[in-house]
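I opened this model to look up one residue and its surroundings. My notes follow.

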Amino acid sequence: MELYLDLHSQPCRSVFMFAKAVRIPFEFKLVDLMSGQQYSEEFGKISVLRKVPVMKDGSFILTESIAILKYLVQKYSSSVADHWYPADLQQRARVNEYLSWQHMNLRAHGSKVFLLRAMFPVIIGSEVPKEKMDAAIEDLNQSLDLLEGKFLQNKPFIIGDKISLADLVAIVEIMQPVGCGIDVFENRPKLIAWRERLKKELGEKLFDEAHEMIMKASSLPQQIQSSSELEKFKAMFRKYLI
């Protein structure tokens with residue numbers, strides 16, 4: 001099995017950490033997003049979407065991180081603990097509920113804060129207007145409030161006493177704005193405790209390995225400026241950032 005990944009990407013980190021945590025053997029295939037490798041002819045033969053992660057299992061190619069996570073759970077069901085994606089109908093529905101919600105909420109808002117802070121100056125050529133950044137952070141805080149109030153509540157993990165795919169997908173999105181200097185855990189003791197439980201379950205070494213690159217996000221503008229695909233980056237991000 002081959003996994004095409006760049007650990008700057010939140011969805012890539014969720015797939016990477018899951019496969020490592022449950023000991024699924026795979027070959028790591030780096031797709032360097034900052035150098036524009038996703039636009040290469042070679043990667044285009046793997047995925048016409050030109051996004052990561054991508055899984056190649058023999059001749060079977062699958063895109064989209066949530067689909068990949070569910071595929072891995074089901075392919076390796078004999079060795080993957082049930083709590084990751086429970087067989088119980090209602091527990092599984094709770095995982096699916098979070099995974100369905102997060103795309104347009106925590107993921108969208110965390111990504112926007114990250115892009116505004118890390119990418120806006122190099123793509124647009126000026127600092128982010130304060131009102132724009134303040135509005136983005138307010139949206140992110142509203143999503144974090146919902147994560148705490150609706151999904152996590154007073155439970156150790158999103159679906160109860162044990163970690164699931166929902167927790168994994170949540171934490172990688174939260175860590176994205178952290179990588180560009182936004183302390184989203186400030187004044188949120190419930191989220192801090194949850195993060196520490198996640199680290200313990202996954203192993204702190206694996207957690208740190210997965211997030212090492214995003215914690216160095218301050219170097220991304222320089223990488224993009226030196227990329228031969230700079231104009232493609234600018235065209236893509238302008239639609240999102242302006």
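**Notes on R13**

I started with the neighbours. Leaving out residues up to four places away in sequence, I found R13 touching L7, H8, V172, M175, Q176, A210, H211 and I214. The model is a predicted one, and I read it as such.

Next I looked up where R13 sits. I found R13 in helix α1, which covers residues 10-21.

Is R13 buried or exposed? R13 is buried. I then looked for a salt bridge and found that R13 has none. The nearest side chain of opposite charge belongs to E173, and I read 6.5 Å for that distance.

Which side chain makes a polar contact with that of R13? I found H211, at 3.4 Å. H211 is also on my list of residues that R13 touches.

**Notes on the whole protein**

I then stepped back to the fold. I counted 11 helices and four strands in the protein. The radius of gyration is 18 Å, close to the 18 Å that the globule rule gives for 242 residues, so the protein is as compact as a globular protein of that length. I noted a C-alpha trace spanning about 50 × 45 × 30 Å along its principal axes.

I checked burial overall. Buried residues account for 50% of the 242 residues.

Last, I looked at contacts along the sequence. Of the contacts with a separation of 6 or more, 71% join residues 24 or more positions apart.

Terms used:
Residues are numbered from 1 along each chain as its sequence is written. This is a predicted model: local features need pLDDT of at least 70, side-chain atom pairs count only at pLDDT 80 or more; totals for chains, interfaces and linings use all residues. Side-chain values use heavy atoms; hydrogens and water are left out. Helices (H or I, at least four residues) and strands (E, at least two) are DSSP runs, numbered from the N terminus. Buried means under 20% relative accessible area, exposed over 50%, partly exposed in between (1.4 Å probe, protein chains only). Lys and Arg count as positive and Asp and Glu as negative; His and the chain ends are not counted. A salt bridge is a side-chain nitrogen of Lys or Arg within 4 Å of a carboxyl oxygen of Asp or Glu. A polar contact is a pair of N or O atoms within 3.5 Å; within protein, one must be able to donate a hydrogen and the other to accept it, and residues adjacent in sequence count only if both atoms are side-chain atoms. Contact means heavy atoms within 4.5 Å. The radius of gyration is taken over C-alpha atoms; the globule rule is 2.2 Å times the number of residues to the power 0.38.
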